[in-house]
Amino acid sequence: MLFTYDTELTLRAAAVLVNSDRVDGEQLGDLAALDQYLNEFGWTGRRDRNDAELDAVHQLRTRIGDIWDVADDEEATVQRVNALLGETKASPWLTRHVENPDWHLHLGAADDPLWQRMGAEIAMALADLIRGGELRRLKICAAPDCTAVLTDLSRNRSRIFCDTGNCGNRQHVAAYRQRQREEE
């Protein structure tokens, strides 16, 4: 493990959030889809379950996507992460849950708005990445027809394709077929 469990989980959750409108259309279009996403990644605390909350998460998704889009520029990334930490009023505290007995950080009160808690935790996970000199782990899929994001948590930072559209397999098959044509 490169980072703590909660940092890795939050980085994965952030990538899925960003990709929820970059691949196959809008995937967080209603409250049921939002609930499914939140449950999948174990987001706890207050949920208003209304359109305003869904809109706020969509706005957060755009901001997180903007961070990925500038990840090759450390100063621009740091500026955006710091802005998000400030706007979410991140206030770290240690906690653990019955379903996850390991200590981990929460960065907002359980009754803070959902977007604020999510934004603070995602910003802190990104800050961990930056502090560790690992910003290059934030990537855009290398497939020419894909704009999905990924967090490369592989040991040697070699991952270049996302998990969302079978991109790696499609690219490998295309390269194989090209080699076969060239050998004929």
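How much space lies in the largest pocket? In this predicted model, the volume of the largest pocket is about 360 Å³. Its lining is made up of 21 residues, and those closest to the centre are Leu9, Phe41, Gly42, His104 and His106. By class, the lining divides into 8 nonpolar, 9 polar and 4 charged residues.

Several elements share in this lining. Helix H1 (5-19), strand S1 (93-97), strand S2 (100-106) and helix H5 each supply at least two residues. H1 gives the most, with 5 residues.

H1 and H5, both part of the pocket lining, also pack against each other. Their axes come within 9 Å and cross at roughly 115 degrees. Angles from 65 to 115 degrees count as roughly perpendicular, and H1 and H5 are therefore placed in that class. The crossing of H1 past H5 is left-handed. On the H1 side the contact is formed by Thr7, Thr10, Leu11, Ala14 and Leu17. These meet Met118, Glu121, Ile122, Ala125, Leu126, Asp128 and Leu129 of H5. The contact of H1 with H5 holds 8 nonpolar, 2 polar and 2 charged residues.

H1 has another helix partner in H3 (residues 51-69), with the two packed at an angle of about 105 degrees and their axes 9 Å apart. H1 and H3 are therefore roughly perpendicular as well. Here Leu11, Ala14, Ala15, Leu17 and Val18 of H1 meet Val57, Arg61, Ile64, Gly65 and Trp68 of H3. The contact of H1 with H3 consists of 8 nonpolar, 1 polar and 1 charged residues.

H5 (residues 114-131) in turn packs with helix H4 (residues 74-87). The angle between H4 and H5 is about 145 degrees, and their axes lie 8 Å apart. H4, too, passes H5 in a left-handed crossing. From H4, the residues in contact are Thr77, Val78, Val81, Leu84, Leu85 and Glu87. From H5, they are Trp115, Gly119, Ala120, Ala123, Met124, Leu126, Ala127 and Ile130. The contact of H4 with H5 comprises 11 nonpolar, 2 polar and 1 charged residues.

Note on methods
Residues are numbered from 1 along each chain as its sequence is written. This is a predicted model: local features need pLDDT of at least 70, side-chain atom pairs count only at pLDDT 80 or more; totals for chains, interfaces and linings use all residues. Side-chain values use heavy atoms; hydrogens and water are left out. Axes are lines fitted to C-alpha atoms, for helices over the stretch in contact, and angles run from 0 to 180 degrees between N-to-C directions. Helices (H or I, at least four residues) and strands (E, at least two) are DSSP runs, numbered from the N terminus. A crossing is left-handed if the near helix is turned anticlockwise from the far one by less than a right angle, and right-handed if clockwise. Contact means heavy atoms within 4.5 Å. Ala, Val, Leu, Ile, Met, Phe, Trp, Tyr, Cys and Pro count as nonpolar, Asp, Glu, Lys and Arg as charged, and the others, Gly among them, as polar. On a 1 Å grid over the protein atoms alone, a cavity is a set of points where a 1.4 Å probe fits but cannot get out, and a pocket is an open set with protein on both sides within 12 Å along at least five of seven lines; lining residues have an atom within 4 Å of a point. Grid points are joined across faces, edges and corners, and a volume is the space filled by probe spheres set on the points. Angles under 35 degrees count as roughly parallel, over 145 as roughly antiparallel, 65 to 115 as roughly perpendicular and the rest as oblique.
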